[in-house]
Amino acid sequence: MSIKKFALIIAALGATGTAASADSYFGFKGALDAESTLELGLVRAEADGIVEVYDFRRGEVGALLGTQSVNAGANSDVRVNVGIAPRQDVIALLKVDGEVVAEYRYDVND
């Protein structure tokens, strides 16, 4: 096999891996109950990462309320302890290697 063919095969495999890794999301799209632990449900992560939940008043990202580690793949029943129950909307950010790969803005029911 020539070096050129080998390079093309490696490039094709790399492109396939990149396309498959763009699969991160929050499965639950409803409102959250105002509790000290927020139940986010299913979180799908392309690699090991972290969910960060922030205050989201007036459409702006505010204080960090809590975090939860997630593994690559599907993580069911993800819960984030935020200490004191939020009374305003929140935003959840899924980060992998420090980069935001998914986000969702949740309404919080009082």
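What share of the 110 residues in the protein chain is buried? Buried residues make up 31%, where buried means under 20% relative accessible area, exposed over 50% and partly exposed in between (1.4 Å probe, protein chains only). This is a predicted model, in which local features need pLDDT of at least 70, side-chain atom pairs count only at pLDDT 80 or more, and totals for chains, interfaces and linings use all residues. Residues are numbered from 1 along each chain as its sequence is written, and side-chain values use heavy atoms, with hydrogens and water left out.

**View 1. The protein chain and its elements.** The protein chain holds 1 helix and 9 strands. Along the sequence the pattern reads α-β-β-β-β-β-β-β-β-β. Helices (H or I, at least four residues) and strands (E, at least two) are DSSP runs, numbered from the N terminus. Contact means heavy atoms within 4.5 Å. Of the contacts between residues at least 6 apart in sequence, 59% join residues at least 24 apart. The accessible surface is about 6800 Å², and carbon and sulfur atoms account for 51% of that. Accessible areas come from the Shrake-Rupley method with a 1.4 Å probe; for residues, only the protein chains shown count as cover.

**View 2. An open sheet of 3 strands.** The order is β1-β3-β6, with antiparallel pairing. Two strands pair if DSSP finds at least two bridges between them. β1 and β6 are the edge strands, each pairing on one side only. Between β3 and β6 the antiparallel pairing runs over 7 bridges. Glycine 41 stands opposite valine 78 in β6.

**View 3. Aromatic rings around tyrosine 106.** The structure holds 3 aromatic pairs. Phenylalanine 26 and tyrosine 106 make an edge-to-face pair, 6.5 Å centre to centre with 90° between the planes. Rings of Phe, Tyr and Trp (its six-membered ring) pair if their centres lie within 6.5 Å; planes under 30 degrees apart count as stacked, over 60 as edge-to-face and the rest as tilted. This pair links distant parts of the chain: phenylalanine 26 sits in strand β1 (residues 25–26) and tyrosine 106 in strand β8 (residues 99–106), 80 residues apart. Phenylalanine 26 is buried, at a relative accessible area of 1%. Tyrosine 106 is buried too, at 1%. Phenylalanine 28 and tyrosine 106 form a stacked pair, 6.3 Å centre to centre with 15° between the planes. Here phenylalanine 28 comes from the loop between β1 and β2 (32–33), 78 residues from tyrosine 106. Phenylalanine 28 is partly exposed, at 31%. Phe26, Phe28, Tyr104 and Tyr106 form one aromatic cluster.

**View 4. The largest nonpolar core.** A nonpolar core is a set of buried Ala, Val, Leu, Ile, Met, Phe, Trp, Tyr and Cys residues joined through side-chain atoms within 4.5 Å. Of its 20 residues, Phe26, Leu40, Val51, Val53 and Leu94 touch the most other members. β3 (37–45), β4 (49–55), β6 (73–81), β7 (90–96) and β8 each give two or more residues. The largest share, 4 residues, comes from β3. Beyond four places in sequence, the contacts of phenylalanine 26 include Leu40, Val51, Leu94 and Tyr104.

**View 5. Serine 24 and its surroundings.** Serine 24 lies in the loop between α1 (3–21) and β1. Serine 24 is buried, with a relative accessible area of 13%. A polar atom of the serine 24 side chain lies 2.9 Å from the backbone nitrogen of glutamate 46. Leaving out residues up to four places away in sequence, serine 24 touches Arg44, Ala45, Glu46, Leu94, Val101 and Ala102.

Note on methods: A polar contact is a pair of N or O atoms within 3.5 Å; within protein, one must be able to donate a hydrogen and the other to accept it, and residues adjacent in sequence count only if both atoms are side-chain atoms.
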